[in-house]
Structure formats: structure tokens, C-alpha cells
Amino acid sequence: MRLSRRGLLRAGLAGTAATTLGGLATGCAVPTGSTGRNMVLWYWDGGLGDTVVKKAKARYGDSVDLQAIKIGGYYRSKLMTTMTGRSHIPDIAGLKGEDMASYLPNADQFVDLRTLGAERYRSNYLAWKWDQGVADDGSMVGFPIDCGPVAHYYQYGVFRKAGLPYDPDDVSAELNTWEKFFTAGERLKKRIPGTYLLSDVNMVFENVVQQGDRRYVDKDRHFIGDEQHVRDAWALAVEAKRRGIVSDLVAGTPDQLSAVQDGKLPSQLNASWATNDIKSGVPRTKGRWRVAQMPVRPSNNGGSFLAVTKACREPERAFQIITWLLDAANQAQGFVDAGLFPSTPASYTLGALREPDPFFGGQVTMDVFGPAAQRVEVAYNSPFDVALGQPLKDEIKNVGVLGKDPRKAWNDAMRKCRRIATHLGVSH
């Protein structure tokens, strides 16, 4: 069974929690990243486009021996261990988007990219994505790689058979609220028995939370996961279950993939990178899919950064490499190579991203994802969001998959959240 990128993200969330880099030395006494000509870049498989990395090695080869190393396993843990040990620290480090908030309180372990001239590049990047790499003290830790605008993937033929809108523009316009979206799910199930609009309730809960400008912990280190914006997301997820438009299958399992292939799960709310998951997970569905805007407004799921560590002997050269790797043309190539959706709006009009996609019936999917990326709501990204959001995600999954009573699930989630908040020093 192939684990999707979304599955990998979820699998990593429980381990990341909100542990910080506290205990790392502030500026290594002995530079441990580069040794003269050598410059080390750490990232993970799929974190950067292979073509662009290869070109960077050739471009800067006269002055730098760029060693780009893919780190497997639990990337964040390995980076933290290396930095704590003050040995073999990379000059340039990839920072996964879901972990970014846990790095920001320890901004002094990284070079403030503003000191290297980062501000002159700001206007080239999505404002909300740029801000995610900035610590509360204003220092810039991460330079934007990709982002993950979420859209509505659906199977054209199944929607047409069910009497639903099936042209992407019509789906975007006519299923533009959660009520209309849920009603469409009821019609789908009635017209084609055994068919569900979504595989699980988490697709509703997580995306509704991510559509807003607040998450689980605010800037004052106060737990807000019990407030109305989260309660509304929970209520919508429960409503989706009550109306019978979500299955009880677990995403990424053979049964779920089989249902997708057979048209029994012809719809999902997922990030731009899920195009590759669908192509590799259910290749026989080529040509059946289209992409439309999700209800209400886009959300974002995923997207990462590059940082320069304090161990780097040549931060100016490292920053030069980063800005070249992540310019508009190279981000477009990263999308072609690895499905990394660009954080540079100028990429959206480039030819490489304007090609019709046969897997999606010849649709130019950038016409959906590009505008979606520019409409994502800005939210404060707390280092404690992962730990304090997880009990809610676990319990709403129990409602969807196991049929747990929603009120008991909510109360259990709140009890776990309060316990975790107390342990982390988050007020509630």
C-alpha cells in the first residue's frame, strides 16, 4: 500500500507535537556545516525538484561543492539531534511546513534572512506564505518553497451521471457553500447508491478550521480550540456524518483506494500536491478527474521552507543559492518534477504550468490552484497548534470511522487538550 503525502504528514504530526529546539547552542563555536568549498543542503525526498537541485550544483560548482543530501525517516528529529550535538550541521536546511512553528521560537539557531537582503524578494512571494517563515520577533527563519492550496477533486462522469454540476466552473459556482456541497452529496448517494462524496469527516473538519484566520492557540499562548471557530468546524463534520455523505473508510487504505477507483468515492478536498497521489495511487482513473474550487474559500495544507543555519561559514553564498533555487522559474520546475506548488505567483503564468493535464481530462489545473493560493486566509501559526489540534482530529475521526457519540468525543478531546495545554504551559 502506498502512503499518500497527506498520510505522511498526518503520521508525522503526532511525533512533532510542540517540542522546541530549546537546549541547542546559540551559534556553534566551531562551524560544522561547510568546510571551505563544501556546502551541505539537507532536504527530504520530494522536498525540492531533482532537476533544479542538479542545475544548482552545476551553476555554483566553480565556487562551491554543493552536497545536496536527502534525509529519510523522521526528518525534523534528525535535524534537531544534529543541531543539538553541534556536529555535521547542514549549511542549508529544509524545514517542513507542518513543523515550521516549532522552529520559530528558536530563531537564534538560524541566520536572520533579513540580514542577507531577504526583504527585497518579499513582493515575489505569496504574502501569507512569506509571513509563515517569520518569528514573533520579526526575524526571518524560513524562505518559502511551496504551498498546498486545497481544491475540490471530483470524477466528471460520476457527477454527470448523478445529475450534479460537472463542468469545473459550474462545480465551483454551484457548490460554493457547505450546505450546497452537502446537498450535492445527498443527491449523489440517492442517484448512485453506495457512493459517498467524501471518504472521511476529517476532510470537512480540518479544511474548515484551515479556512479561517485562527487555529488552536493564539499569540498570547492561550488555548482557543474550544472556541466558536473550532466548534463550527466540528459541527459541520458531524453534520456530514449525520447526512450520510462520508464513508467510514480510512484514507490511504486498500479499501479506500479501491472505492476511489470504482467511482464509489468520486470526490475529495485535497491539496495541490494530491494530484501526484491520485495519479500514482489510482492510475486507472486517468482522464476521469477534474478540479474545482472548494466550498466557501480555499484552505492550505502543507508547504515548506529553506533556512540557513548558524553553522554556515558562508551565509551570503548559501542565501544566493536559496534565492536561485526558489525563484519563479525554478519553482515552476519543482511543480513539474515533484508537484511542489509554487509560492511565487509569477510561476502561475509560465508555460510549464499552463500545459493541459490528460489525467484531469485536459484541464489546466493551474486555473484553479493559482487563484486558490492567492486567497488563503492568514492565520497565526503557533508552535503548540499541532499538539493541541491532534486530540480534536483523533476524536472527530472516531466519530466518522467508529461511530462514537459526537458529544462524548468532543468532551474527551477537550479533556485531552486541557491536559496537554497544562503540560506545555498553555493557558486555558
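Visitor: Why is Cys 417 called buried?

Guide: This is a predicted model, and in it Cys 417 has 0% relative accessibility. Buried means under 20%, so Cys 417 counts as buried.

Visitor: And what makes Cys 147 buried or exposed?

Guide: Its relative accessible area is 0%, so Cys 147 is buried too, with the cut-off at under 20%. As for disulfides, the structure holds 0 of them.

Visitor: What makes Glu 186 and Arg 243 a salt bridge?

Guide: Their closest N and O atoms are 3.0 Å apart. The limit is 4 Å between a side-chain nitrogen of Lys or Arg and a carboxyl oxygen of Asp or Glu, so the pair qualifies. Glu 186 sits in helix α8 and Arg 243 in the loop between α10 and α11, so the pair ties together parts 57 residues apart in sequence.

Visitor: Why is Glu 186 called partly exposed, and which label does Arg 243 get?

Guide: Glu 186 has a relative accessible area of 32%, which falls between the 20% and 50% cut-offs and therefore means partly exposed. Arg 243 is at 14%, under 20%, so the label there is buried.

Visitor: How do you know that Arg 415 and Asp 412 are separated by about one helical turn?

Guide: Because they are 3 residues apart in helix α17. Asp 412 is buried at 8%, while Arg 415 is partly exposed at 47%. Both belong to one network of salt bridges with shared partners, which also includes Glu 395, Lys 404, Lys 408 and Lys 416.

Key: Residues are numbered from 1 along each chain as its sequence is written. This is a predicted model: local features need pLDDT of at least 70, side-chain atom pairs count only at pLDDT 80 or more; totals for chains, interfaces and linings use all residues. Side-chain values use heavy atoms; hydrogens and water are left out. A disulfide is a pair of cysteine sulfur atoms within 2.5 Å. Buried means under 20% relative accessible area, exposed over 50%, partly exposed in between (1.4 Å probe, protein chains only). Helices (H or I, at least four residues) and strands (E, at least two) are DSSP runs, numbered from the N terminus.
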